[in-house]
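Q: I am new to this structure. Please pick a single part and take a close look at it with me.

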Amino acid sequence: MNIMDFNMKKLAADAGTFLSRAVQFTEEKLGQAEKTELDAHLENLLSKAECTKQWTEKIMKQTEVLLQPNPNARIEEFFYEKLDRKAPSRMNNPELLGQYMIDAGNEFGPGTAYGNALIKCGETQKQIGTADRELIQTSAINFLTPLRNFIEGDYKTITSEQEVRITQSEFDRQAEITRLLLEGISSTHAHHLRCLNDFVEAQMTYYAQCYKYMLDLQKQLGSFPSTFLSNNNQSSSAPVQSVSTPSVLASASASLPSVSNSVVTSGISELKSSSGSRKARVLYDYDAANSSELSLLADEVITVYSIPGMDSDWLMGERGNQKGKVPITYLELLN
């Protein structure tokens, strides 16, 4: 072995030793590193974000169960969503029942009382099935999607920032970013409240439609003759009692709320288009996210008004010498 070969091998050995020591030193430093302590305010924001995430997941899951009780169908919809493909269209339970009733009515004879009644009931069940589809679609767009965006977007960003081991200067920078995201949790709650209002309105629309359909059906069934000789070839010993609308349903119909909260919306619209102010009762407690907002206590009465260029979801609120932005969904305008 000549001197050049010897020097090259020694150089390679020295380089390998240096590299291994560098790796060892880095690992030791990483192993000894501790996450920089967070200040109390940031810890509180993280706790609030975690609480919001846990309850949002539970509400999402149970809402999905409410809208689609069939677990197999939910799993199928989940896979199609992940594959970014549209799930095949199938009849839902009310539509399927309605189709069976219509087929049975046609089999028994549309000219018979029972067959005709089955067909009418089947058509109503299919209307309810359509309303059910609309409820699911509206709830998915206006309620479930915003909640899922929070879980898979803002919250994931928050947690990923906390999981990375970083230097002090980098930590300070990332902590500030995280703090800004966390301070938006109050605004997230206000946004989710608007989504919840949309969900409740979708349910109200659905149940109002179902009530109307069933009321119309009941009136139609009440018009049938009191005997069904053509259907069962037997004379009835006593006339069948005509189906009438019970007084409780009549009173419920009179007091049935409007499908949309147009009164509330029109009141807000009038306030925003005018330069005046109104009294409003606070529906829920609200913690201001920053100095531009006003913290609220449930059941207190404040003065609210709009200013040019203000976001459509907010009003200016005043309580004595205090004033700031307040979310519309936390208020009930008073006459």
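A: A word on the basis comes before the details. This is a predicted model, in which local features need pLDDT of at least 70 and side-chain atom pairs count only at pLDDT 80 or more, while totals for chains, interfaces and linings use all residues. Residues are numbered from 1 along each chain as its sequence is written, and side-chain values use heavy atoms, with hydrogens and water left out.

Here is the setting. The protein chain holds 10 helices and 5 strands. Both are DSSP runs numbered from the N terminus; helices (H or I) have at least four residues and strands (E) at least two. Of the 335 residues in the protein chain, 30% are buried. Buried means under 20% relative accessible area, exposed means over 50%, and partly exposed lies in between (1.4 Å probe, protein chains only).

Now to the part itself, the sheet. The 5 strands form an open sheet in the order E4-E3-E2-E1-E5, with antiparallel pairing. Strands E4 (322-327) and E5 (331-333) are the edges, and each pairs on one side only. Two strands pair if DSSP finds at least two bridges between them. Neighbouring strands are turned by 40° against each other on average, direction ignored. For such angles, axes are lines fitted to C-alpha atoms, for helices over the stretch in contact, and the angles run from 0 to 180 degrees between N-to-C directions.

Start with strand E2. 4 of its 5 residues are buried, so E2 is largely enclosed by the rest of the structure. E2 is joined to E1 by 5 bridges, and the two run antiparallel. Thr303 stands opposite Glu318 in E3.

Move on to E3 and E4. These strands run antiparallel with 6 bridges between them. Arg319 has Gln322 in E4 as its bridge partner. E3 and E4 form a hairpin with 2 residues between them. In that turn, Gly320 has a positive phi of about 65°.

Which residue other than glycine has a positive phi near 80°? That residue is Asp299. Most residues other than glycine have a negative phi. Asp299 sits in the loop between strand E1 (277-282) and strand E2 (301-305). Asp299 counts as exposed because its relative accessibility is 55%.

Charged pairs come next. Side chains of opposite charge can pair when their charged atoms come close. A salt bridge is a side-chain nitrogen of Lys or Arg within 4 Å of a carboxyl oxygen of Asp or Glu. The whole structure has 8 of them. Asp299 belongs to a network of salt bridges that also links Arg281 and Glu332. The side chains of Arg319 and Glu300 also meet in a salt bridge, at 2.8 Å from N to O. This pair links distant parts of the chain: Arg319 lies in strand E3 and Glu300 in the loop between E1 and E2, 19 residues apart. Arg319 is partly exposed because its relative accessibility is 25%. Glu300 counts as buried, at 16%.

Arg194 forms a salt bridge with Asp313, and their closest N and O atoms are 3.2 Å apart. Arg194 lies in helix H7 and Asp313 in the loop between E2 and E3, so the pair ties together parts that are 119 residues apart in sequence. Arg194 counts as partly exposed, at 22% relative accessibility. Asp313 is partly exposed too, at 23%.

Follow that helix for a moment. H7 covers residues 185-222, and His192 has its place there. Is His192 buried or exposed? His192 is buried because its relative accessible area is 12%. Leaving aside neighbours within four places in sequence, His192 is in contact with Thr56, Pro146, Leu147 and Phe150. Contact means heavy atoms within 4.5 Å.

In short, the sheet runs E4-E3-E2-E1-E5, and the link from Arg194 to Asp313 joins helix H7 to the loop between E2 and E3.
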